[in-house]
Amino acid sequence: MCDELGPKEDYMQQFIEEAGGTSLCSAKTPGAGCSDKQQAFIEKWQSKGADELLKQLDRLNGMVDKDGVSMKAEALAWAKQRLSIFKQLARKDEL
């Protein structure tokens, strides 16, 4: 299994995140486990209202469910990462 997932831990992390539908990136602490791209995304959306977050959450859910098969792997992975971030941000707004 180690050979299939490559010599670096990045491949293992990507596999686990994809297979488990989870992410090590936390919207509460954007520096821990988040890529630069994810950190910038969190900073952009952190100040948005709950209505806007929920609208984007619904839009991304539709994209992943409906168009996920036809999306490139990288685009699908980024959509799932954004989806995870939106879910965390939406939960934070509900509290």
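Okay, let's start with confidence: the chain has a mean pLDDT of 80, and 80% of its residues reach 70 or more. That's the predictor's confidence in each residue, from 0 to 100. Helix 1 (residues 9–20) has the lowest confidence in the chain, at a mean of 68, while helix 2 (residues 36–45) has the highest, at 91.

Some housekeeping. This is a predicted model, where local features need pLDDT of at least 70 and side-chain atom pairs count only at pLDDT 80 or more, while totals for chains, interfaces and linings use all residues. Residues are numbered from 1 along each chain as its sequence is written, and side-chain values use heavy atoms, with hydrogens and water left out.

Now the layout. The chain has four helices and zero strands, so the definitions matter: helices are DSSP runs of H or I with at least four residues, strands are runs of E with at least two, and numbering goes from the N terminus. Along the sequence you read α-α-α-α. Of the 95 residues, 29% count as buried; buried is under 20% relative accessible area, exposed is over 50%, and partly exposed is in between, with a 1.4 Å probe and protein chains only. The chain exposes about 6,800 Å², with carbon and sulfur atoms supplying 52% of that; areas come from Shrake-Rupley with a 1.4 Å probe, and for residues only the protein chains shown count as cover.

Next, helix 2. Which of its residues are buried? Gln38, Phe41, Ile42 and Trp45. They cover an arc of only 100° around the axis, which puts them on the same side of helix 2. That arc is taken over the directions from the helix axis to the C-beta atoms. On the other side of helix 2, we have Asp36, Glu43 and Lys44, exposed.

Helix 3, residues 50–67, has 18 residues and reaches 25 Å from first C-alpha to last, close to the 26 Å expected at 1.5 Å a residue; the expected span is 1.5 Å times one less than the number of residues. Its buried residues are Leu53, Gln56, Leu57, Leu60 and Val64. Those cover an arc of only 110° around the axis, which puts them on the same side of helix 3. The general rule here is that an α-helix has 3.6 residues a turn, so residues three or four places apart point the same way. Turned away from the buried side of helix 3 are the exposed Asp51, Lys55, Asp58, Asp65 and Lys66.

So what's in the middle? The largest nonpolar core has 18 residues, and Phe41, Trp45, Phe86 and Leu89 have the most contacts inside it. Helix 2, helix 3 and helix 4 (73–94) each supply at least two of its residues, and helix 4 gives the largest share, seven. By nonpolar core I mean buried Ala, Val, Leu, Ile, Met, Phe, Trp, Tyr and Cys residues joined through side-chain atoms within 4.5 Å.

Take Phe86: beyond its neighbours within four places in sequence, Phe86 is in contact (heavy atoms within 4.5 Å) with Phe41, Trp45, Leu53, Gln56, Leu57 and Leu60. Gln56 is buried, at 17% relative accessible area.

Last stop, Cys34, in the loop between helix 1 and helix 2. Buried or exposed? Cys34 counts as buried, at 10% relative accessibility. Leaving aside neighbours within four places, Cys34 is in contact with Cys25, Ser26, Thr29, Gln39 and Ile42.
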